[in-house]
Amino acid sequence: MKITVETTVAAPLAEVWRAYVTPEDIKAWNAASDDWHTTAASVDLREGGAFSSRMEAKDGSMGFDFAGTYTKIVPQERIEYEFGDRTAQVSFAPRSDDVTVRVTFDADNEYTEEQQRAGWQAILDNFARHVEGMRPS
């Protein structure tokens with residue numbers, strides 16, 4: 001089963017793309033709730049290149065690595081990747097004043113569809129707030 005989440009970011013495509021693929025930015029936005037954070041991120045943005053993010057509870061009680069390999073990169077348009085035995089696709093669709101970012105991913109068997117959708121949507125919403133917060137007023 002595939003799950004899709006999306007958000008609209010009020011920023012130019014170049015800024016949205018850069019924030020999505022830059023490790024320092026990823027560390028700022030990649031969390032599903034305020035009690036989690038990303039402590040490390042790496043990106044080798046090329047087909048066959050690896051990425052990873054270390055997500056941890058802020059109280060130190062748990063953490064995990066989210067890592068995979070890029071399978072397709074179309075700059076400022078699409079990113080496809082594998083993580084474990086699953087895949088995901090990220091698309092960037094610019095309009096006149098904003099960009100729709102859509103993520104479609106293979107569901108796992110450990111959590112419910114609702115839990116997975118909520119977690120990935122929360123991360124994507126954090127991404128939009130991060131990018132929009134970087135914009136001059």
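Ser91 lies in strand S6, where strands (E, at least two residues) and helices (H or I, at least four residues) are DSSP runs numbered from the N terminus. The model is a predicted one, in which local features need pLDDT of at least 70 and side-chain atom pairs count only at pLDDT 80 or more, while totals for chains, interfaces and linings use all residues. Residues are numbered from 1 along each chain as its sequence is written, and side-chain values use heavy atoms, with hydrogens and water left out.

Ser91 has a relative accessible area of 17% and is therefore buried (under 20% relative accessible area; exposed is over 50% and partly exposed in between, with a 1.4 Å probe and protein chains only). Leaving aside residues up to four places away in sequence, Ser91 touches Glu77, Arg78, Thr100, Val101 and Arg102 (contact means heavy atoms within 4.5 Å).

Turning to the sheet, seven strands make up an open arrangement in the order S1-S7-S6-S5-S4-S3-S2, with antiparallel pairing (two strands pair if DSSP finds at least two bridges between them). Strand S1 (2-9) and strand S2 (36-43) are the edge strands, each pairing on one side only. From one strand to the next, the twist averages 20 degrees (axes are lines fitted to C-alpha atoms, for helices over the stretch in contact, and angles run from 0 to 180 degrees between N-to-C directions).

Five antiparallel bridges join strand S4 (residues 63-74) to strand S5 (residues 78-83), and Thr69 stands opposite Glu82 in S5. Helix H1 (residues 13-21) packs on the sheet, and its direction makes about 155 degrees with that of S6. Helix H3 (residues 113-134) runs at about 20 degrees to S1 and lies across several strands, including strand S3 (50-57).
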